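Visitor: Please take a close look at the side-chain contacts in this model. I care about charged pairs and rings.

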Amino acid sequence: LESSDYFETGVNLLYTRVITDPQVALKLTGKMGRHTLGVFSARDEITNLVVPGVDGSDSATFETPNTSTVGRYRYDLRSNSTLGVMMTDREGSGGYYNRVASFDAQLRPTDSDEVKVNAVWSKTKYSPEMQTELDLTSDEISDNYLKLFYTHSKREWWVFGEYLDIGDDFRADLGFIPQVGYRSATAGGAYTWWGEAKNWYNRLEVGGWISTTDDQGGDFLGTQNRVWLSGEGPQQSNFRIAVEDRSEVYEGVQFDGLLVPSFFLRIRPTASFAVRVSGVVGDWIDYTHVQPADRVRLSGELDFNIGRHFAWEISHLYTTLE
């Protein structure tokens, strides 16, 4: 975990728990002026593999070794902007490999505007054992990943937009990207009121966003529309009330008009006591049997802190799927 932020790109291309049983490893990280460098390599005795798709993922563990290598370079521009590149490589037995090269940019042209770009390329070759175990139809594949994000923020309001395009055959075996083969576009924003001494709130925010997703062939996969009201008040209190309207296609079945209300509340009336409650009650999908469902998910937590040395937490989760 030390210096793990050196390897962050805005895309989950590196999830180090994938390296399960390392026998030997080497890591080098450093920073000099505006230049940041991170390199590591590990010999792993086990190969964990996730094969993502549009509807879900397959996974398997192979008792075969591999060598995982990652290189990261970032250059810090002025005004909190950065440019970076990263490469990951995993080489295993039976001819297996996964190679990923990425470019990322985080640009802040003004104090209010931020632009993020991630462009990633991958090439993968599976061993005969992997093809048999996971029923793969091709031994060698390659594809791309593109993410564009923009936000404009003021004290009273903010807006954002995001575009994501992940090819069917994109793989990042040293990371964690469990879904591929889709394009999505999202846009939203919020308005904020700041409280004064006479108001009961410190901050109130109302906002919303909309999102639509298609597969790489242009077929509809789903939409998400969400609105919320959130705020902060005295005694370190904060709350959020939200309603989401969803449509989703799963395994060829389209589910429309899924209404999902949710809430969250947390307050600390004293320095030694805090309470939190949250819940989601509404429509859902029974993914196992591919049918509509009703979901209830309620949780609560009590936190006690007595002095500097004693902390006590009581929590409970109740959930049903009908």
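Guide: Start with Arg-203 and Glu-205, which form a salt bridge with their closest N and O atoms 3.7 Å apart. The term means a side-chain nitrogen of Lys or Arg within 4 Å of a carboxyl oxygen of Asp or Glu. Arg-203 and Glu-205 are both buried. Here buried is under 20% relative accessible area, exposed is over 50%, and partly exposed lies in between (1.4 Å probe, protein chains only).

A word on the model: it is predicted, local features need pLDDT of at least 70, side-chain atom pairs count only at pLDDT 80 or more, and totals for chains, interfaces and linings use all residues. Residues are numbered from 1 along each chain as its sequence is written, and side-chain values use heavy atoms, with hydrogens and water left out.

Next, Arg-276 and Glu-301. Their salt bridge has its closest N and O atoms 3.3 Å apart. Arg-276 lies in strand S16 (residues 273-286) and Glu-301 in strand S17 (residues 291-306), so the pair ties together parts 25 residues apart in sequence. Strands (E, at least two residues) and helices (H or I, at least four) are DSSP runs, numbered from the N terminus. Arg-276 and Glu-301 are both buried.

The rule takes rings of Phe, Tyr and Trp (its six-membered ring) with centres within 6.5 Å; planes under 30 degrees apart are stacked, over 60 edge-to-face, the rest tilted. Phe-273 is partly exposed, at 25% relative accessible area. Phe-304 is partly exposed, also with 25%.

Now another salt bridge. Asp-76 pairs with Lys-31, with the closest N and O atoms 2.6 Å apart. Asp-76 is in strand S5 (residues 66-76) and Lys-31 in strand S1 (residues 22-32), 45 residues apart. Asp-76 is buried at 17% relative accessible area, while Lys-31 is partly exposed at 46%.

Some contacts involve several residues. Arg-226, Glu-244, Arg-246 and Glu-248 are linked in a salt-bridge network. Phe-149, Trp-158, Phe-160 and Trp-228 form one aromatic cluster. The salt bridge count comes to 15.
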